[in-house]
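The following note sets out several points on the packing of one part of this model.

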Amino acid sequence: MDPLQLTVLLVGLVVVLGGLLVAVTRRRPSKTRTRPRPGVDYAPGVGDDAQVPRDTLTRTVDDTLLPEVVVPGLEAPAPTAGRLSRLRARLARSQSTLGLGLLALLSRDRLDAETWDEVEETLLASDLGVVPTAQLVDRLRTRALADGARDPVSVRALLREELLALVDPSMDRRLRTDRHPDGSPAVVLVVGVNGTGKTTTTGKLGRVLVADGRSVLLGAADTFRAAAAEQLQTWGDRVGALVVRGPEGGDPASVAFEAVKKGFEAGVDTVVVDTAGRLHTKVGLMDELGKVKRVIEKQSTVDEVLLVLDATTGQNGLTQARVFAEVVDVTGIVLTKLDGTAKGGIVVAVQRDLGVPVKLVGLGEGPDDLAPFEPEAFVDALLG
């Protein structure tokens, strides 16, 4: 083979080997050119495949920490005994007008006509009412002149005695919520105008009864407000009370009837029925409330009709109260938002106007801020 042929053969061999090397290199991926893997090398973004590749190391079930499942327990409401005394600070606003204002006036060195006019104005501003104000001023003037006491301790004792007499500790403020001798539950009907907090009061009342050791069923007969039944269900779930509810827009009397029926079957101590808020001027709505009570009475007596009044409405609440009392025979008053008003005299006014005792007062937005009304604790709170 001559030199030229040998050269051509070597060149051809080099070309073939070079081509093979290039082909092999293209088939084998270079470690330095591997694309980053989404979900492994970086957080996947829009357009990336978020699935972790199969060759990624995985954990077994035993190695995986699962979130702890927390089963909520039932709440234990605070005891009701002495609750009003524990909430005394909530009456701070009422103190400024009624209690402390009167103490300052009656402690003056000289009680002239101008001072007694100021005493009268203070009492009227506290929503005590015209007749109770006149009576209290007469009694205070007579006793102040007779005793001649001006020191703070004596004046406070005098004022406490007279205010306590107005609040009337002799009124029966017990809630009739005990099961009847025949085993049937006590029935409590909660009524009032829109916005007074009836559903919240019903839920808090359920807590009060549970705290006192009673079994409770709540009837959601406010079928017109969409959130009312759900709200009452939440209150019941928190303390283990049964709840009977009907369809939205359904017949309130039917729901109330079913609630009492279920209370019989479940053997609970007390059935508390929440009703829809209604304006006292709407005759049709008031007649419907009377129907709810009559339907309940077809299978059980209604032991309590609690009228919920907003204490901040003052004397305007008395007009509402009179109409409700005519329709459903109110047995007790629940004054809500008493911590938000300087008009503590509404307690006296509503009792004297209706002849019905204040049995419960709301002193805050907390779940256990509904307290049985205690005249002594209330007057002491007013006087600081």
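A nonpolar core is taken here as a set of buried Ala, Val, Leu, Ile, Met, Phe, Trp, Tyr and Cys residues joined through side-chain atoms within 4.5 Å; buried means under 20% relative accessible area, with a 1.4 Å probe and protein chains only. The model is predicted, so local features need pLDDT of at least 70 and side-chain atom pairs count only at pLDDT 80 or more, whereas totals for chains, interfaces and linings use all residues. Residues are numbered from 1 along each chain as its sequence is written, and side-chain values use heavy atoms, with hydrogens and water left out.

1. The largest nonpolar core comprises 72 residues, and those with the most contacts inside it are Ile296, Ile333, Leu335, Val361 and Phe378. Helix α6 (residues 152-167) gives the most to this core, namely seven residues. Another core, of 19 residues, lies apart from it and includes Val190, Leu209, Val239 and Val308. Helices (H or I, at least four residues) and strands (E, at least two) are DSSP runs, numbered from the N terminus.

2. Isoleucine 333 has contacts (heavy atoms within 4.5 Å) beyond its neighbours within four places in sequence; among them are Leu307, Leu309, Val350, Leu354 and Val356.

3. Helix α12 (residues 346-354) is largely enclosed by the rest of the structure, because seven of its nine residues are buried. These are Ile346, Val347, Val348, Ala349, Val350, Gln351 and Leu354. Glycine 355 follows α12 and has a positive phi, near 70°.

4. How do the axes of α11 and α12 cross? The axes of helix α11 (residues 316-328) and α12 come within 10 Å and cross at roughly 35°; axes are lines fitted to C-alpha atoms over the stretch in contact, and angles run from 0 to 180 degrees between N-to-C directions. The crossing is right-handed, that is, the near helix is turned clockwise from the far one by less than a right angle. Leu318, Ala321, Arg322 and Ala325 of α11 meet Ile346, Ala349, Val350, Asp353 and Leu354 of α12. By class, this contact has seven nonpolar, no polar and two charged residues.

5. Strand β7 (residues 358-362) is mostly covered, with five of its five residues buried. Strand β6 (residues 332-336) pairs with β7 in the parallel sense over three bridges, pairing being defined by at least two DSSP bridges. Leucine 335 stands opposite valine 361 of β7.

6. β7 is also joined by three bridges to strand β8 (residues 370-372), in the antiparallel sense. Here leucine 360 stands opposite proline 372 of β8.

Definitions and conventions. Buried < 20%, exposed > 50% of the residue type's maximum accessible area, 1.4 Å probe, protein only. Nonpolar A, V, L, I, M, F, W, Y, C, P; charged D, E, K, R; others polar.
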